[in-house]
Amino acid sequence: MLENAGALDVVIHNAGHLVTGYVEAFTAEEIAHLVDVNTLGIQRLNRAALPHLRGQGGAAPSSTWAAPSR
């Protein structure tokens with residue numbers, strides 16, 4: 001994809017997964033998936049994008065977080 005676009009202008013982390021309910025109802029595998037998406041997903045994106053951003057002269061990624069409405 002980057003080859004077609006030519007350059008990265010900005011990287012915004014704006015993805016995540018939320019589970020609701022009784023904590024004891026979730027399996028270890030479900031919680032591991034939650035950590036994988038919400039934490040390691042950011043690291044994977046940074047690892048892919050930051051070398052390109054540095055090669056262009058620098059930029060910083062931005063993370064956004066949203067709390068669920070009640």
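Student: How many residues does helix α2 have, and how far does it reach from its first C-alpha to its last?

Tutor: Keep in mind that this is a predicted model. To read a helix, compare its reach with the span expected at 1.5 Å a residue. Helix α2 covers residues 28–55, which is 28 residues, and it reaches 40 Å, close to the 40 Å expected.

Student: Where is the kink in α2 centred?

Tutor: On Leu 40, with a kink of about 40 degrees.

Student: Which residues of α2 are buried, and what do they pack against?

Tutor: A residue is called buried when its relative accessible area is under 20%. In α2 these are Leu 34, Asn 38, Ile 42, Asn 46, Ala 49, Leu 50 and Leu 53. The buried residues of α2 pack against β1, residues 12–13. Across the protein chain, buried residues make up 13% of the 70 residues.

Student: What follows α2?

Tutor: Gly 57, with a positive phi near 110 degrees.

Student: How many salt bridges does a search of the whole structure find?

Tutor: One. It joins the side chains of Arg 44 and Asp 36, at 2.6 Å from N to O.

Student: In what order do the elements run from the N terminus?

Tutor: The order is α-β-α-β, with two helices and two strands in the protein chain.

Conventions: Residues numbered from 1 in each chain as written. Predicted model: local features only at pLDDT ≥ 70, side-chain atom pairs only at ≥ 80, totals over all residues. Heavy atoms only, no water. Helix = DSSP H or I, 4+ residues; strand = E, 2+ residues; numbered from the N terminus. Expected span 1.5 Å × (residues − 1). Bend = angle between axes of the 7 residues up to and from the residue. Buried < 20%, exposed > 50% of the residue type's maximum accessible area, 1.4 Å probe, protein only. Contact = heavy atoms within 4.5 Å. Salt bridge = Lys/Arg side-chain N within 4 Å of Asp/Glu carboxyl O.
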